[in-house]
Amino acid sequence: MAVFPVKYIHSDMRGAPVLSGTPGAMIGVLDAFLITGFGTVTAQRVSVAGGVATATLQSGQSFEVGSVVLIAGATPDALNGEARVLTATPSQITFATTAADGPASGTITIKVAPVGSWEKVFAGTNKAVYRSTDPQGGRFYYRIDDTGTTTCRLRGFESMTDVDNGLMPFPTDVQVNGGLYLAKSQSAGSARRYYNLFADSRFVAIAASGVNTPTSGRYSTPLRGFGDLVALSPAGDVWSACVSGSMLASIASGANHDYGSFSGPRANDGAFVARSFAGAGGSQGCNFATYAGSSQDSGIDTTLGRAPSAVDGQIKLSRRYVRVDAQDYTPRADIPGLLHVPQAGAGALFEARDTMTGYGPLAGRTLVAMRAGPTLDGAGVYFVDVTGPWR
């Protein structure tokens, strides 16, 4: 079966790992998303007809339409591997297959597929270091210190010898002592918090606000994370590996809610690449911009009028990019999967996790809406391409 280049999970999926205000919670979410998958069930039966497989499950063990699942243990072998869920009921899912018509045999397990091509190279007590295994990537190291409750810390390294020691960090301690902050929860405790994760084999994006309920569709979830950006230089740009987070510990609320996010206009306050475009020096703070739009938040940006367009009915979309430096707006690398809306009023049209089908170069792709804005009650909206590929 096909391997799907982009994966997406969220906190309301059955069996999803819980993000909470407890040490280690973010690592648990990242382990499940990147490496192990989650929500494993054993199918009661699987049959194929006309290129579509129907898996019958125990009631309540279903999967979300559009999610990518991993099937194992089936005969014929053509059923095994990744598949996207086409339809779902509480006790059945369907997915496309090249297997011949007829019933399958074996102990057939189904789970939400991990992203794959990521490894956990070092681990400690509530600490972890992740690295892409994609041979086309920069293969930098990304350290999560999850010993805190309301936030965890994020930092990249060019090389590491164990979970606590590495060379050429980004950001450095001078830039942000201890690394950037990622939101987990507004308060300490085991209550489940709202999140959305997106990734390919080289980049991980985390949309989480730490809000107190997993169903807060209007709460802003700034996009942060780590990995290789989409370098624009034909010769390559390995140093455009990036981390994004807040420079402040209090990121779950307040006027600076989206500082340091890939999706916000204030990324120079919490985004760092491994080195400059020329490869000189070390960690460099970076600034983001959008090809069409301004410094306003996505979905409340008035550059291209109101949404939808009165001329063609479209929601206008623009990629965001990292600039060469603070003084030079030349695009250096694009943010994978992220789409900015340079129109006002878009936030009133979409709630979090609403979907839209792309058009033009994005035709046929599913775009998932996320709330945007500098406060918890985000007035804007941005989109993430969950079909891909991003590169």
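Leaving aside neighbours within four places in sequence, which residues is Thr56 in contact with? This is a predicted model, where local features need pLDDT of at least 70, side-chain atom pairs count only at pLDDT 80 or more, and totals for chains, interfaces and linings use all residues. Residues are numbered from 1 along each chain as its sequence is written, and side-chain values use heavy atoms, with hydrogens and water left out.

**View 1. Thr56 and its surroundings.** Here's the answer: Ala43, Gln44, Arg45, Ser91 and Gln92 (contact means heavy atoms within 4.5 Å). Thr56 sits in strand E4, residues 52-56. Helices (H or I, at least four residues) and strands (E, at least two) are DSSP runs, numbered from the N terminus. Thr56 is buried at 9% relative accessible area; buried is under 20%, exposed over 50%, partly exposed in between (1.4 Å probe, protein chains only).

**View 2. An open sheet of 7 strands.** Pairing is antiparallel, in the order E1-E16-E17-E18-E20-E21-E22, and strands count as paired if DSSP finds at least two bridges between them. At the edges, E1 (7-10) and E22 (284-285) each pair on one side only. Zoom in on E18 (223-228) and E20 (241-244) and you'll find 4 antiparallel bridges, with Asp228 partnered by Ala241 in E20.

View 3. Searching the whole structure turns up 0 disulfides.

Notes:
Disulfide = S-S within 2.5 Å.
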